[in-house]
Amino acid sequence: MFRLETEVDKARRDLLRKRLRDTNTAASPVLRALRGTPAERENPLHVWAMDDAGGLAGGLVGHTWASWLHVAYLWVDEPHRGTGLGSRLLAHAEHLAAAERACASARVETWDFQAPDFYRKQGYEVVCEIPDYPPGITEYTLVKKLVTRHR
């Protein structure tokens, strides 16, 4: 028999994560090949746009892992929207990911009221649509193949 518990437990969470990682590594030759290499860890990738006064005009926060760029946040301050700043931030992050970190693809999640059309215009394709997440909102996952441009 088992006893089910619902308490938040950091030690058990960490043990569970380790056991899942070990199981996944044993089952996947791809993950096994990553272990012990620099590509094993997520590497932060941040791009900031500062205005003339030194204030934050926009930014992108993401990370690279296993030849992927994952965009977590992309935001542009209201006065700078429509100027192309978001496109510049994203393009710069994609360039760094491809040229300096050998990333071949990028991914992002966004809600229907945020920026799915913006990402489509940047060459991203919807690969997942989750309606009512949260209720009344649709979440999209979009991906893009990155191209390394030689200068």
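Leaving out neighbours within four places in sequence, glutamate 94 is in contact with Leu69, Tyr124, Lys144 and Leu146, where contact means heavy atoms within 4.5 Å. The model examined here is predicted, so local features need pLDDT of at least 70 and side-chain atom pairs count only at pLDDT 80 or more, while totals for chains, interfaces and linings use all residues. Residues are numbered from 1 along each chain as its sequence is written, and side-chain values use heavy atoms, with hydrogens and water left out.

Glutamate 94 belongs to helix 3 (residues 85-101); helices (H or I, at least four residues) are DSSP runs, numbered from the N terminus. Glutamate 94 counts as buried because its relative accessibility is 10%, buried being under 20% relative accessible area, exposed over 50% and partly exposed in between (1.4 Å probe, protein chains only).

Turning to the rings, three aromatic pairs are found in the structure. Rings of Phe, Tyr and Trp (its six-membered ring) pair if their centres lie within 6.5 Å; planes under 30 degrees apart count as stacked, over 60 as edge-to-face and the rest as tilted. Phenylalanine 118 and tyrosine 119 make an edge-to-face pair, 5.1 Å centre to centre with 75° between the planes. Tyrosine 119 also pairs with tyrosine 124: the ring centres are 5.6 Å apart and the planes lie at 75°, so this pair is edge-to-face. Within it, phenylalanine 118 is partly exposed at 22% relative accessibility, whereas tyrosine 119 and tyrosine 124 are both buried.

Conventions. Helices (H or I, at least four residues) and strands (E, at least two) are DSSP runs, numbered from the N terminus.
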